[in-house]
Amino acid sequence: MNLKEVLKMADEMVFAKTGQHLDNLQEAILRGTMQGEKYTKIAEEIHCNESYVRQVGSQLWQILSEKLGEDINKKNFRSAMKRFQFSIVSHFAQDCVQISCVNYCGEARHPPNIPNSHPPNQETANSKQTRTLHQDLSEMPELGDFFDRTPELQTLTTWILQQRSRLITLIGISGIGKTSLAVQLVQQIKDEFECVIWCNIDASHTPDEFEHQLIEFFSHSEKLDSPASNPKRLPLIKYLQNHRCLIVLDDVQNLFCSGELAGKYKPESEAYRSLFKQIEKLSHQSCFLLIGWEQPREVTQVKNHNTPIRTLQLKGLDIAAAGEILRDYGLAEIDNSESLIHRYQGNPLWLKSVATLIQDLGGGVTELLPNDTILLPEDLKDVLQQQFDRLSELEKQVISLLAKENQPIDRAKLLENNTIPLSDLVNALQSLSRRCLIEQQESSYTIPPVLKQYAIASM
Ligand SMILES: Nc1ncnc2c1ncn2[C@@H]1O[C@H](COP(=O)(O)OP(=O)(O)OP(=O)(O)O)[C@@H](O)[C@H]1O
Ligand SMILES: [Mg+2]
């Protein structure tokens with residue numbers, strides 16, 4: 001806890017009770033108490049009689065006890081202030097949820113026309129209550145060129161800072177730019193948090209190891225805050241309650257089974273399910289951002305906007321931003337750049353891959369990519385294969401059916417095909433949508449051109 005903030009909170013409490021601000025002696029007592037000093041040392045430092053310091057101290061504890069409605073003394077002052085600060089934050093967060101979907105939690109100011117729900121001293125105490133103390137961004141990749149994504153950054157920032165969402169999933173097909181977007185987001189908002197950590201989930205990450213890693217990080221951070229104390233390890237949720245933390249988990253698809261419908265936890269990853277449930281259900285002031293190709297199943301069931309869960313399905317870059325990528329390859333000025341971007345759905349990785357091929361061959365786009373032609377460079381095929389390898393047999397059948405069609409195909413028409421029972425078909429369609437591999441418009445489905453081309457060539 002920040003000493004300045006504590007002194008400010010205490011000053012406002014004393015002022016509210018006595019009409020007087022803290023004097024120098026009272027402030028010295030609080031400062032010394034926060035630094036774990038005894039009365040003898042405080043008295044020495046300010047050249048004052050020790051018994052007088054004790055007497056002023058005891059009056060001060062009395063005032064604070066009356067103000068906080070609990071017994072405050074020199075021993076418990078620090079923890080009481082911490083509790084008090086946390087209760088302001090959680091009350092304030094609850095108020096914000098009740099007020100409306102627009103809120104001002106991160107900025108500790110009241111929306112226009114909404115009555116001030118806390119006494120002025122509490123409002124001031126809450127202001128600037130977060131600051132970045134500890135970060136572990138060693139697993140966060142470096143950001144290369146990054147174009148646009150303004151609306152997506154705004155949406156995520158609103159969800160995290162203003163709406164205080166506790167669990168956000170950012171999903172999208174490989175190469176669409178999820179990791180890059182999250183890196184940019186973290187760089188923009190990290191200072192609003194006390195702790196920020198980025199973890200890449202790989203197959204070897206057991207849930208126990210992961211939880212242990214987080215607890216180690218948080219307890220180490222607390223130790224750095226107060227080197228004198230030796231905090232004991234707490235359950236993860238306690239740290240998420242006591243501190244405002246941002247935890248980014250990238251590549252969460254590694255938690256889910258291959259060959260099954262989307263988002264089914266591997267047996268050895270089941271404990272992550274309970275962890276995410278806790279993150280969603282229990283009250284705390286932290287945020288988990290999950291990034292990957294598939295959503296955890298329980299998250300997909302949430303459609304209610306009053307819940308602290310949100311999902312952003314990332315689409316391709318717009319023409320201007322995708323054009324910037326082509327510019328890097330000397331392809332910005334070509335006539336059919338827009339059509340090229342559409343064909344590759346503004347997917348930055350796909351565009352880079354095909355632009356590299358064109359550059360390497362030294363050919364013109366019109367010559368290599370006439371009309372609606374789609375080239376699939378080998379590196380792009382490798383990326384797509386990884387995603388197709390994860391599909392269940394049922395999904396592969398549905399993809400083959402969709403790939404044969406040139407127009408969006410209606411669900412009823414798919415059913416007429418008679419090869420797949422209704423319940424299997426709808427489950428497969430839902431799963432493919434959750435993997436962002438097919439697009440749905442009302443009851444019609446299409447498969448994007450690049451995926452179609454790959455499906456025809458490979459299945
Ligand atoms: N907004 C952007 N502007 C420029 N380049 C971008 C942008 N977003 C992504 N890229 C580039 O596209 C490529 C893929 O991006 P990124 O790794 O973020 O995708 P991803 O969705 O995380 O993929 P995966 O699911 O495979 O992890 C990278 O080379 C990245 O630099
Ligand atoms: Mg990524």
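**View 1. Helices α2 and α4 pack against each other.** Helix α2 (residues 24–34) and helix α4 (residues 50–68) pack at an angle of about 80°, and their axes are 10 Å apart. Axes are lines fitted to C-alpha atoms, for helices over the stretch in contact, and angles run from 0 to 180 degrees between N-to-C directions. α2 and α4 are therefore roughly perpendicular to each other (65 to 115 degrees). Helices (H or I, at least four residues) and strands (E, at least two) are DSSP runs, numbered from the N terminus. This is a predicted model, in which local features need pLDDT of at least 70, side-chain atom pairs count only at pLDDT 80 or more, and totals for chains, interfaces and linings use all residues. Residues are numbered from 1 along each chain as its sequence is written, while chains are lettered from A and ligands numbered from 1 in the order in which they are written.

**View 2. Residues between α2 and α4.** From α2, L25, Q26 and I29 meet V53, V56, G57 and L60 of α4 (contact: C-beta atoms, placed from the backbone, within 7 Å). The residues of this contact divide into 5 nonpolar, 2 polar and no charged; Ala, Val, Leu, Ile, Met, Phe, Trp, Tyr, Cys and Pro count as nonpolar, Asp, Glu, Lys and Arg as charged, and the others, Gly among them, as polar.

**View 3. The open sheet.** In the order β1-β3-β4-β5-β2-β6, 6 strands form an open sheet with parallel pairing (two strands pair if DSSP finds at least two bridges between them). β1 (134–136) and β6 (309–313) stand at the edges with a single partner strand each, so one side of each has no neighbour in the sheet. From one strand to the next, the twist averages 10°.

**View 4. Strands β4 and β5, with helix α8.** Strand β4 (residues 245–250) runs parallel to strand β5 (residues 287–292), and 4 bridges join them. V248 stands opposite L289 in β5. Helix α8 (residues 178–189) packs on the sheet and touches β2 (167–171), β3 (195–200), β4 and β5; the direction of α8 makes about 155° with that of β5.

Technical notes. Angles under 35 degrees count as roughly parallel, over 145 as roughly antiparallel, 65 to 115 as roughly perpendicular and the rest as oblique. Two residues are in contact if their C-beta atoms, placed from the backbone, lie within 7 Å.
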